[in-house]
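Dear colleague,

Please look at it before reading on.

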Amino acid sequence: MANRDRLWGVVYVLPALALVLAFIAYPLASVVYHAFTEWDGIASPEWIGFANFTELIDDPIFRTSLRNNALFALSVPIQVVVPMVLAWLIHERIPGWRFFRSTFFLPAVISTVVVGLVAQVVFRLNGPLNSLLGSIGLSSLEQDWLGKAETSIPAVLLVLVWANFGYNTLIYLAGMSALDPALTEAARMDGARPTRILFSIVAPNLKRVMELVLVTSTVTAFAFMFAYIYVITNGAPGFDAYVTEFMIYKEAFALGNSGYACAIGVVLTLIAASIGALQIRILTRSGA
């Protein structure tokens, strides 16, 4: 009977295993293999060893792309702390909390492409942002926000932070709903202020949630920026607004350098995985 149960267990697992092999394991192995080849995506690949990775080291566009990803990662502390505060205010049911909950979560339920298109309208030369600046007497600040790297990268950064607020806030709300109400009630009876309750009682009990938000926000900054860049700036001006994902797309589908694009993908995966693993290790050692 035990052997028969094991056999049925294997049978039930096989469909899921087949999907994993077909859509994750095989594509990953294929990317790693083609990273060591010269390949246009159509013809037979030619093995060239580490040539793609050597070229990558000296590629100024790749360095710019990686720098931009690092700039987006600078927003991670904001994405960790601010949603926690917002979640606490909603959890405490401040006046209008239902409205704020819906407002903050809205970007999380609409397509990234839609978010990007809205941002493109807001930041364009004749868009609402410049109109607002002109109406309050700050017309000297009006400019084409997406026309140069000095402003296009910060603009996309603001969109990224706004788009992730809802998701992160929801995660914190779920964590807060699982806390023992007696903890906060006892603090209130002792006269603790709301900020003291949040940072001295609630936050320490949400360390696992904060760890999740920290890791996912960091990985997003390195590996999930393509849609924002493609829709909002399309990498312009020049190569200044490239991120590594967008560079992979350009190399593979615009320039036909699929082998080189695979090498970029391998490096990006290693960077994102290493940063995530390092964060988890540090948080675990600190007792999170």
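**A loop residue, and the whole**

With a relative accessible area of 38%, N234 counts as partly exposed, since that value falls between the 20% under which a residue is buried and the 50% over which it is exposed. The residue sits in the loop between helix 12 (226–232) and helix 13 (244–254), and its phi is positive, at about 55°, although N234 is not a glycine. Please keep in mind throughout that this is a predicted model, and that the values below were computed from it.

As for the whole, the protein holds 14 helices and 2 strands. Its C-alpha trace spans about 80 × 70 × 30 Å along the principal axes, and of its 288 residues, 36% count as buried.

Where does R93 lie? Its place is the loop between helix 4 (76–91) and helix 5 (97–109), and there R93 is exposed, because its relative accessible area is 55% and the cut-off for that class is over 50%.

**Salt bridges**

How many salt bridges does a search of the whole structure find? The search gives 3. As background, side chains of opposite charge can pair when their charged atoms come close.

One of the bridges joins the side chains of E92 and R188, with a distance of 2.2 Å from N to O.

Taken together, E92, E185 and R188 are linked in a network of salt bridges.

A further salt bridge is formed by R208 and E211, whose closest N and O atoms are 3.1 Å apart. These two residues are again 3 apart, about one turn, and both are in helix 11 (residues 207–223).

**Helix 6 and what it meets**

The axes of helix 6 (residues 112–123) and helix 8 (residues 149–177) come within 11 Å and cross at roughly 135°. That angle makes helix 6 oblique to helix 8, because only angles over 145 degrees would count as roughly antiparallel, and 65 to 115 as roughly perpendicular. The crossing of the two helices is right-handed.

V114 is found in helix 6 and is partly exposed, at a relative accessible area of 40%. Its C-alpha lies 10.0 Å from that of A227, although V114 and A227 are 113 residues apart in sequence.

**A nonpolar patch**

Which residues form a nonpolar patch on the surface? They are V10, V13, L14, L17 and L21, with about 430 Å² of accessible area together. L14, one of these, lies in helix 1 (residues 2–34) and is partly exposed, with a relative accessible area of 45%; L14 can therefore belong to a patch, as residues there need over 30% relative accessible area.

With kind regards

How values were computed
Residues are numbered from 1 along each chain as its sequence is written. Side-chain values use heavy atoms; hydrogens and water are left out. Patches are made of residues with over 30% relative accessible area and no salt bridge: like charges are joined within 9 Å, nonpolar side chains (Val, Leu, Ile, Met, Phe, Trp, Tyr) within 5 Å. Accessible areas come from the Shrake-Rupley method with a 1.4 Å probe; for residues, only the protein chains shown count as cover. A salt bridge is a side-chain nitrogen of Lys or Arg within 4 Å of a carboxyl oxygen of Asp or Glu. Helices (H or I, at least four residues) and strands (E, at least two) are DSSP runs, numbered from the N terminus. Buried means under 20% relative accessible area, exposed over 50%, partly exposed in between (1.4 Å probe, protein chains only). Axes are lines fitted to C-alpha atoms, for helices over the stretch in contact, and angles run from 0 to 180 degrees between N-to-C directions. Angles under 35 degrees count as roughly parallel, over 145 as roughly antiparallel, 65 to 115 as roughly perpendicular and the rest as oblique. A crossing is left-handed if the near helix is turned anticlockwise from the far one by less than a right angle, and right-handed if clockwise.
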